[in-house]
Amino acid sequence: YGDHRDLHSFPTRRLPILATLLTFTSAQAESAHEHGVANLNIAISQNVLAIELDTPADNVLGFEHEPKNEKQAKQLENTISLLKQATKLFNISDSANCKLTKVDIENPFADHDEHEKHDDHDEHEGHEGHSDFEVQYRYTCENSNKLNSMDTAGLFNNFTNFTTLHVQWLNETKQSAKTLNKKDSQVNFDE
């Protein structure tokens, strides 16, 4: 049922809602890998806002293989830098007063240097297929009860290969899903 490594950083009373988010994540991770399409899971529990983006590498890089030249290596570096800058990707209700506390990026090419050291090049074959980035953002919100919307226009504006974003969200009292695109990039938590 997904990767439970981040649950240890949350108090026990928040586990049910975050476990539900991990169930969402696990189900979506098994869905088809489709260029232009990504999954965004959002959980709001007490003063914690958790966002998880699961996207094909092509959506954020323009390619799905280990960087093959200096230009692609620089593109990967720039992409990771931009993914860490949540304020350029998400516009969260100001009244909630949320502060980014943690960003975790699963970079499918992070072990690139390790592979260069191997003599057995058969191990490289798996990296020429589909590659995905998984990015987790954690916020602490002073007024999470005022967290009523989030706009994802920054994802579409900064990563032009995005066409569709499947969003699932839940909070203490509701859960819903919405498909976003460049023209409709906002999710409302009051709906």
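Buried means under 20% relative accessible area, exposed means over 50%, and partly exposed lies in between, with a 1.4 Å probe and protein chains only. The model is predicted, so that local features need pLDDT of at least 70 and side-chain atom pairs count only at pLDDT 80 or more, while totals for chains, interfaces and linings use all residues. Residues are numbered from 1 along each chain as its sequence is written, and side-chain values use heavy atoms, with hydrogens and water left out.

**Exercise 1. Describe how strand E2 is covered and which strands pair with E2.**

Step 1. Strands (E, at least two residues) and helices (H or I, at least four) are DSSP runs numbered from the N terminus, and E2 spans residues 48-56.

Step 2. Of the 9 residues in E2, 9 are buried. One side carries Val48, Ala50, Glu52, Asp54 and Pro56, the other carries Leu49, Ile51, Leu53 and Thr55, and both faces are covered.

Step 3. Two strands pair if DSSP finds at least two bridges between them. E1 and E2 pair in the antiparallel sense over 7 bridges, with Ile42 standing opposite Ile51 in E2. These two strands form a hairpin with 2 residues between them, and Gln46 in the turn has a positive phi of about 55 degrees.

Step 4. E2 is also joined to E5 by 9 bridges, and these two strands run antiparallel; the bridge partner of Thr55 in E5 is Phe133.

**Exercise 2. Work out which residues and elements build the largest nonpolar core.**

Step 1. A nonpolar core is a set of buried Ala, Val, Leu, Ile, Met, Phe, Trp, Tyr and Cys residues joined through side-chain atoms within 4.5 Å. In soluble globular proteins, nonpolar side chains tend to be buried together.

Step 2. The largest such core has 39 residues, of which Ile42, Leu49, Ile51, Phe90, Tyr139 and Leu165 touch the most other members.

Step 3. Among the elements that each supply at least two residues of this core are strand E1 (37-45), helix H3 (70-84), strand E5 (132-141) and strand E7 (164-170). The largest share, 5 residues, comes from E5.

**Exercise 3. Locate the disulfide and describe its geometry and its surroundings.**

Step 1. A disulfide is a pair of cysteine sulfur atoms within 2.5 Å, and by this rule the count comes to 1 disulfide.

Step 2. Cys98 and Cys141 form the disulfide, with their sulfur atoms 2.0 Å apart. The torsion about the S-S bond is about 105 degrees, and therefore the disulfide is right-handed.

Step 3. Cys98 lies in strand E4 (residues 98-106) and Cys141 in strand E5, so placed that the pair links distant parts of the chain, 43 residues apart.

Step 4. Cys98 is buried at a relative accessible area of 18%, and Cys141 also counts as buried, at 2% relative accessibility.

**Exercise 4. Characterise the aromatic pairs that involve Phe90 and Trp169.**

Step 1. Rings of Phe, Tyr and Trp (its six-membered ring) pair if their centres lie within 6.5 Å; planes under 30 degrees apart count as stacked, over 60 as edge-to-face and the rest as tilted. A search of the whole structure finds 5 aromatic pairs.

Step 2. Phe90 and Tyr137 form an edge-to-face pair, 5.2 Å centre to centre with 80 degrees between the planes. Phe90 sits in the loop between H3 and strand E3 (91-92), whereas Tyr137 belongs to strand E5, 47 residues apart. Phe90 is buried, with a relative accessible area of 4%, and Tyr137 is buried with a value of 0%.

Step 3. Trp169 and Phe189 likewise form an edge-to-face pair, 5.2 Å centre to centre with 70 degrees between the planes. Because Trp169 lies in strand E7 and Phe189 in the segment after strand E9 (186-188), the pair ties together parts that are 20 residues apart in sequence. Both Trp169 and Phe189 are buried.

**Exercise 5. Give the strand order of the open sheet that contains E3.**

Step 1. The sheet has 3 strands in the order E3-E6-E9, with antiparallel pairing.

Step 2. E3 and E9 are the edge strands, each pairing on one side only.

Step 3. E3 is joined by 2 bridges to strand E6 (residues 149-151), and Ile92 stands opposite Met150 in E6.
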